[in-house]
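Subject: Structure handover

Hello,

Here is the structure for you to open. My notes on what turned up follow below it.

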Amino acid sequence: IIGMIVELLIVRRFYKRPLDSLLATWGLSLIVTQSMLLIVGSAVRGIGTPEGSFAIGGYTFSTYRLVLFGCAVAVLAGLYIIFMKTRFGVIA
């Protein structure tokens, strides 16, 4: 319903000027975002990472981040193989 009202009151005026329409909706999104920040506040509760952590020397690392790093490397290696070694990669 809010989207319909915004389209009716604001966006419809800029149908023939797409850049102005884009600017108006972007400005409206900034206004809404900042308004919600003022109303609700910016306090965000943190969530602990699963899997614990480990220490190397004086530094502590999250096991979860190590798993994420391993997944990112695996995805990167998979994409490399797909794009360099398959017919699909040659076409792409």
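Residues 21-44 have end C-alpha atoms 33 Å apart, and the span is 83% helix and 0% strand. Residues 64-83 are 100% helix and 0% strand, with end C-alpha atoms 29 Å apart. Why these two spans? UniProt, in an unreviewed entry, places the feature "transmembrane region" at both. UniProt positions are in the numbering used here, feature names are shortened, and annotations may be inferred rather than shown by experiment.

Some ground rules. This is a predicted model: local features need pLDDT of at least 70, side-chain atom pairs count only at pLDDT 80 or more, and totals for chains, interfaces and linings use all residues. Residues are numbered from 1 along each chain as its sequence is written, and side-chain values use heavy atoms, with hydrogens and water left out.

Helices first. Helices (H or I, at least four residues) and strands (E, at least two) are DSSP runs, numbered from the N terminus. Helix α2 covers residues 18-40, which makes 23 residues. At 1.5 Å a residue it should span 33 Å, and its end C-alpha atoms are 33 Å apart, so the two agree. The expected span is 1.5 Å times one less than the number of residues. Glycine 41 follows α2, and its phi is positive, near 100 degrees.

Leucine 19 sits in helix α2. Leucine 19 is exposed, at 68% relative accessible area. Here buried means under 20% relative accessible area, exposed over 50%, and partly exposed in between (1.4 Å probe, protein chains only). Leucine 19 and glutamate 7 are twelve residues apart along the chain, and their C-alpha atoms are separated by 15 Å.

Now the charges. The structure holds two salt bridges. The term means a side-chain nitrogen of Lys or Arg within 4 Å of a carboxyl oxygen of Asp or Glu. Glutamate 7 pairs with arginine 12, with the closest N and O atoms 3.3 Å apart. Glutamate 7 is partly exposed at 22%, and arginine 12 is partly exposed at 43%. Aspartate 20 meets arginine 17 at 2.9 Å, N to O. Aspartate 20 is partly exposed at 31%, and arginine 17 is partly exposed at 43%.

Next, the nonpolar surface. Val75, Leu79, Tyr80, Ile81, Ile82, Phe83, Met84 and Phe88 form a nonpolar patch with about 810 Å² of accessible area together. Patches take residues with over 30% relative accessible area and no salt bridge; like charges are joined within 9 Å, nonpolar side chains (Val, Leu, Ile, Met, Phe, Trp, Tyr) within 5 Å. Areas come from the Shrake-Rupley method with a 1.4 Å probe; for residues, only the protein chains shown count as cover. Which helix gives the most to the patch? Helix α3 (residues 63-85) does, with seven residues. Methionine 84 lies in helix α3 and is exposed at 53%.

Last, the rings. There are two aromatic pairs. Rings of Phe, Tyr and Trp (its six-membered ring) pair if their centres lie within 6.5 Å; planes under 30 degrees apart count as stacked, over 60 as edge-to-face and the rest as tilted. Phenylalanine 54 and phenylalanine 61 have ring centres 5.8 Å apart and planes at 35 degrees, so the pair is tilted. Phenylalanine 83 and phenylalanine 88 have centres 6.0 Å apart and planes at 35 degrees, so this pair is tilted. Phenylalanine 83 is partly exposed at 38%, whereas phenylalanine 88 is exposed at 53%.

Best wishes
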